[in-house]
Amino acid sequence: MMILIFAQWCINHDLNPEDIYLKAYPAQKGNKELKEAISLTVSKEEAGEINDETVLGVLSLFGNDDLAFIVSEEIDRLTK
């Protein structure tokens, strides 16, 4: 579920989930769970809103601090 929330948040912000994930975990190219989650995402027009705080909270809850850091950088970039 955490990966799906991350992937959908990326789609909702016109970001490629695999590219963002690889910034945090470059050794995990082709991550099976991420690919499965991406296949379950919907277009941003169909998706409900996922707040920035929600995705950061879920990532932190599951100990994905490196990915949360990269997402934080993307949030900063998107708000400028």
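Student: Which residues is Glu74 in contact with, leaving aside its neighbours within four places in sequence?

Tutor: In this predicted model, Glu74 is in contact with Trp9, Leu15, Ile20 and Lys23, once neighbours within four places in sequence are set aside. Glu74 itself sits in helix α5, residues 65-78.

Student: What makes these count as contacts?

Tutor: Contact means heavy atoms within 4.5 Å. Trp9, Leu15, Ile20 and Lys23 are listed as contacts of Glu74 on that basis.

Student: Why is Glu74 called buried?

Tutor: Its relative accessibility is 6%. Buried means under 20%. The value for Glu74 falls under that limit, so Glu74 counts as buried.

Student: How do you know that the side chains of Glu74 and Lys23 make a polar contact?

Tutor: The distance is 3.0 Å, side chain to side chain. A polar contact needs a pair of N or O atoms within 3.5 Å, so 3.0 Å passes.

Student: Leu78 is also in α5. Why is Leu78 called partly exposed?

Tutor: The relative accessible area of Leu78 is 34%.

Student: What does Leu78 touch, not counting residues up to four places away in sequence?

Tutor: Leu78 touches Trp9, His13 and Leu15 under that count. Take Cys10 as well: Leu78 and Cys10 are 68 residues apart in sequence, with 11 Å between their C-alpha atoms.

Student: Which residues meet where α2 and α3 touch?

Tutor: From α2 come Pro17, Glu18 and Tyr21; from α3 come Leu34, Lys35 and Ile38. By class, this contact has 4 nonpolar and 2 charged residues, with no polar ones.

Student: Where is Asn31, and why is it called buried?

Tutor: Asn31 is in the loop between α2 and α3. Its relative accessibility is 14%. That is under the 20% limit, so Asn31 counts as buried.

Student: How far is the side chain of Asn31 from the backbone nitrogen of Leu34?

Tutor: A polar atom of the Asn31 side chain lies 2.8 Å from that nitrogen.

Terms used
Residues are numbered from 1 along each chain as its sequence is written. This is a predicted model: local features need pLDDT of at least 70, side-chain atom pairs count only at pLDDT 80 or more; totals for chains, interfaces and linings use all residues. Side-chain values use heavy atoms; hydrogens and water are left out. Helices (H or I, at least four residues) and strands (E, at least two) are DSSP runs, numbered from the N terminus. Ala, Val, Leu, Ile, Met, Phe, Trp, Tyr, Cys and Pro count as nonpolar, Asp, Glu, Lys and Arg as charged, and the others, Gly among them, as polar. Buried means under 20% relative accessible area, exposed over 50%, partly exposed in between (1.4 Å probe, protein chains only). A polar contact is a pair of N or O atoms within 3.5 Å; within protein, one must be able to donate a hydrogen and the other to accept it, and residues adjacent in sequence count only if both atoms are side-chain atoms.
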